[in-house]
Structure formats: C-alpha cells, structure tokens
Amino acid sequence: MLNRYARALFARIFTPMARFLLARGVSADAVTIVGTLGVSLGALVLFPMGELFWGTMVITLFVFSDVLDGVMARLAGTTGRWGNFLDSTLDRVQDAAVFLGLMLWFFGAGDFWIAGVAAGASLALGMLVSYVRAKAESLGFEANTGIAERAERLVSTLVFAGLTGLGLDPWFLAVVLMLLTVASAVTVGQRMATVYRQSRAQPPSS
C-alpha cells in the first residue's frame, strides 16, 4: 500500500530531476546502478561502524534512485523487461545490504545478538517474500498481496535504525525487526494461499 501511494507522489517530485539527467545523457540503468552502490556502501560501511544515523541518511538519499530511474525510463520510452529485471534484482541487493549491515553491527561492536538474529531473520523472510511473488508470476499467477511489501519493510527498518543512531534504545529496533519477520512470514503464507486458490480455479490440463 505504502509503495503504491508513495511512488505516485515521488514520481511527480522527481520528474524535473529525471528530465535534467536525461538531457545530459544519463540513462535510467546508470541511476539504478549508482543508487544500489550508494545504498550498499552506506549500509555495509557506516552501519558496521555504529554510524546508524548517518548510514540511514546516506541510504535514504540513494534509495530514491528506485523511483527516479523509473521516471527516467518512462520519460525516455525505454521501459521494458531488461529495466524491470535490473531494477528488481538490484532492489534485492539493496535490501540484503541494509540487513547485513545491521547484522554486522549487532553481532560485532554493537553486542546485541538478539537484534542481529532479528535482522538476519528479516533478511531471509524478506527475500522469501520477493521470491514467492517472482516464482508465482513466472508460472502465470498473481501474488502481489500481503501485509509486508518491500517499501513497508525498508521504511520501518530505516526509521528505527536512524533513531537508534540518535540514542533510541536498540530494543525498539530489535522489536521492529521481529515484527517485520512475523509480518513477512504472514505475507509468504498469504501469497501461497493466493496462488493455491488461483491454481484450483484453473481447469486441469489435458
């Protein structure tokens, strides 16, 4: 839900920037790749150093490339399967970097293994959420449902990671990560049930 409404808003905000970059020969794919590198460096360098606030700021800055590249592709008329594939693949790289960065901090100098385990579980279940949808769509089913889509997971994690960097008790972040793990597991169940109902509604193959 957040993903659908937020994208429409930010698409309007980033349209002038998209036109500016396209006019200077920058491609949507280049923005996708630079955005992923920025998110990954922010998460895998600053988070393990304990700089959760500044890491969140860097990640937030670059994560908007996920909207900007889509606007650029539509304006340039270059939307297609390759761009969709690249964007989806690098989204998974960004997500993995964020949760891995938190794991490195909490299993290391952060010394809070409960939060580290929660971050690892969030990473695993989040990837499973994406996989279930991708596999369903490859088989001709629809599975775009559930209570914990990517935007919700990422926004919740970054908000509380940033607040933790400002002094909030790490337990709040740990609880958020635990809730995201549960929500992701529920989403996997919802998507599997959705695909099952669709498969039962199809006539048997001859």
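Q: In what order do the elements of the chain run from the N terminus on?
A: Helices (H or I, at least four residues) and strands (E, at least two) are DSSP runs, numbered from the N terminus. The chain has eight helices and zero strands. The order is therefore α-α-α-α-α-α-α-α.

Q: What kind of model is this, and which residues do its totals use?
A: The model is predicted: local features need pLDDT of at least 70 and side-chain atom pairs pLDDT 80 or more, while totals for chains, interfaces and linings use all residues. Residues are numbered from 1 along each chain as its sequence is written, and side-chain values use heavy atoms, without hydrogens and water.

Q: How do helix α2 and helix α5 run relative to each other?
A: The axes (lines fitted to C-alpha atoms over the stretch in contact, with angles from 0 to 180 degrees between N-to-C directions) of α2 (residues 28-46) and α5 (residues 81-107) come within 8 Å and cross at roughly 10°. Angles under 35 degrees count as roughly parallel. So α2 is, relative to α5, roughly parallel.

Q: How do the residues of the contact of α2 with α5 divide?
A: Ala, Val, Leu, Ile, Met, Phe, Trp, Tyr, Cys and Pro count as nonpolar, Asp, Glu, Lys and Arg as charged, and the others, Gly among them, as polar. The contact (heavy atoms within 4.5 Å) includes Ile33 and Val39 of α2 and Leu86 and Leu90 of α5. The division is eleven nonpolar, seven polar and two charged.

Q: What percentage of the 206 residues in the chain is buried?
A: Buried means under 20% relative accessible area with a 1.4 Å probe, protein chains only. By that cut-off, the buried share is 40%.

Note on methods:
Angles under 35 degrees count as roughly parallel, over 145 as roughly antiparallel, 65 to 115 as roughly perpendicular and the rest as oblique. Buried means under 20% relative accessible area, exposed over 50%, partly exposed in between (1.4 Å probe, protein chains only).
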